[in-house]
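Here's a quick tour of one protein model, with an eye on charged pairs and on one strand. Have the viewer open as you read.

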Amino acid sequence: MKLCMIGTGYVGLVSGVCFADLGNDVICVDKNVNKIDLLKKGKVPIYEPGLSELVVKNYKNKRLTFSTDLKKSVKSSDIIFICVGTPTKKNGISADLSQIYNVAKEIKSSINSFKIIITKSTVPVTTGDEIEKILSKKNSKSKFSVVSNPEFLREGEAIRDFTYPDRIVVGSNDKRSNRVLKNLYGPLISKGAQYVYTSRRAAELIKYASNAFLATKITFINEIANLCEKIAVNIEDISIGMGLDKRIGSRFLRAGPGYGGSCFPKDTKAITSTGDKFKTNLSVIKSVIKSNKNRSKFLLNRVNEILNKKIKNKKITFLGVTFKANTDDMRDSSSLSMIPSLSKKGAIIKYYDPTGYKKEFSKVKNVSSANTIKESVEGSDLVIIHTEWNDFKSINFKSLIKGKKFIIYDMRNIYSPKKIRAQGFKYYSVGR
Ligand code: UDX
């Protein structure tokens with residue numbers, strides 16, 4: 001099948017490359033000339049394990065091409081995936097759909113044969129209806145179909161998530177598109193992926209409701225972890241004990257610095273805005289947003305206590321600053337609020353991240369990037385393990401330093417408190 005992916009961010013590039021790998025002809029389109037030039041040279045603008053190998057392989061065998069010409073690419077394709085961004089609007093709550101609607105307007109004049117137009121971007125309920133209205137202005141409804149097919153991939157696990165999805169959700173009001181999509185996803189369905197066919201609006205909502213639910217699960221366990229700290233109970237026992245109940249499930253019950261990234265913060269806000277629009281108060285999700293926002297403050301208070309309320313001139317190390325491991329993405333990472341706040345209080349901060357220097361801290365006073373774990377912890381008073389990279393999972397802290405021992409605050413509960421304390425380090429973690 002001939003596919004066109006509009007937008008080469010995480011969703012568009014990963015799904016485009018994976019569709020090509022399944023044997024389809026895929027054109028990936030982006031307005032950004034530099035990005036397209038880079039991709040043509042086999043260089044991938046985002047950090048995603050395994051992606052660049054697949055780009056090179058499929059570009060060489062010509063199943064994957066790159067272009068900046070949207071209209072031409074749409075004309076030569078049967079299925080068009082809209083994968084542009086839906087960031088949070090300046091009002092700080094609802095989704096900004098300007099990129100989606102601009103793309104729909106451009107597609108409008110390039111419908112030269114029956115086209116299936118699919119939103120893969122996360123879009124609020126009724127966006128598909130709006131796209132249909134835009135396209136209908138210039139085309140008869142028999143010439144196109146608008147479908148919602150949300151993507152559930154996680155950064156850092158994107159290729160595996162695309163290839164082995166728990167489910168594929170397709171929402172359309174037209175059976176012909178359903179048949180085409182079921183066929184397109186055939187190779188994944190035959191490996192066990194569940195295919196869920198719904199109305200278009202339901203598919204749009206499934207994506208938001210899923211992300212909001214996962215964000216709720218994380219926030220819930222973080223609050224229970226706060227209670228555990230007060231009553232000398234280990235949060236991990238709670239996560240295991242709860243997670244074994246099949247109705248609850250064990251995943252996304254890891255306590256930590258709160259959820260971040262490009263999706264959860266944006267999508268939780270957008271769904272409450274949709275709720276308000278349709279006069280439905282999504283109060284649970286609203287309190288999740290509030291609780292997660294307070295999470296950094298809570299952990300900073302803990303840092304203050306750990307350092308006996310003397311943050312000024314203390315040397316603090318951050319191991320990992322991205323919102324999670326296996327990504328270079330800094331969007332809504334809790335480090336973005338913690339580091340400037342500690343700097344304001346007079347701390348001297350060094351960070352080491354496996355994905356290198358972060359421009360986000362370039363203007364924050366007394367913050368520097370180290371090239372190695374060892375360099376980052378030298379002379380440190382407090383080492384904060386912020387992100388759960390494998391690189392941080394078996395550090396021999398004892399052999400790493402010669403002089404005075406630093407305190408360790410493990411925000412991801414990577415280490416066994418007993419073992420670390422046995423090496424003579426003061427060790428704190430989350431909810432235990
Ligand atoms: C998420 C969804 O999982 C994915 O389905 C959707 O398409 C995009 O948003 P992603 O943002 O890549 O994916 O990250 P994810 O692995 O879900 O983690 C999100 C945040 O939650 C991270 O900050 C992570 O550290 C945190 N998290 C996750 C926890 O704190 N505890 C957990 O148990 C799981």
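## Ground rules

This is a predicted model, so to speak of local features we need pLDDT of at least 70, and side-chain atom pairs count only at pLDDT 80 or more, while totals for chains, interfaces and linings use all residues. Residues are numbered from 1 along each chain as its sequence is written, and side-chain values use heavy atoms, with hydrogens and water left out.

## Salt bridges

Side chains of opposite charge can pair when their charged atoms come close. Here a salt bridge is a side-chain nitrogen of Lys or Arg within 4 Å of a carboxyl oxygen of Asp or Glu. How many salt bridges does a search of the whole structure find? The count is 22. Among them is a network that links Asp129, Glu132, Lys141, Arg200 and Arg201.

For accessibility, buried means under 20% relative accessible area, exposed over 50%, and partly exposed in between (1.4 Å probe, protein chains only).

- Arg160 and Glu157 form a salt bridge, with the closest N and O atoms 2.9 Å apart. Arg160 is partly exposed at 49%, and Glu157 is partly exposed at 24%.
- Lys266 and Asp267 meet at 3.0 Å, N to O. Lys266 is buried at 16%, and Asp267 is buried at 0%.
- Arg412 and Glu388 meet at 3.5 Å, N to O. This pair links distant parts of the chain, 24 residues apart: Arg412 is in the loop between strand E13 (407-410) and helix H17 (417-422), and Glu388 is in the loop between strand E12 (382-385) and helix H16 (397-400). Arg412 is buried at 17%, and so is Glu388, also at 17%.

## Strand E5

Helices (H or I, at least four residues) and strands (E, at least two) are DSSP runs, numbered from the N terminus. Is strand E5 (residues 115-119) enclosed or open? Because 5 of its 5 residues are buried, E5 is largely enclosed by the rest of the structure. Lys115, Ile117 and Thr119 point one way, Ile116 and Ile118 the other way, and all are buried.

Two strands pair if DSSP finds at least two bridges between them. E5 pairs in the parallel sense with strand E4 (residues 79-82) over 4 bridges, where Phe81 stands opposite Ile118. The chain goes from E4 through helix H5 (residues 98-108) to E5 in a right-handed β-α-β crossover, that is, with the strands pointing away from the viewer, the path from the first strand over the helix to the second runs clockwise.

E5 also pairs in the parallel sense with strand E6 (residues 144-148), over 5 bridges. There Lys115 stands opposite Phe144. E5, helix H6 (residues 127-136) and E6 make a right-handed β-α-β unit.
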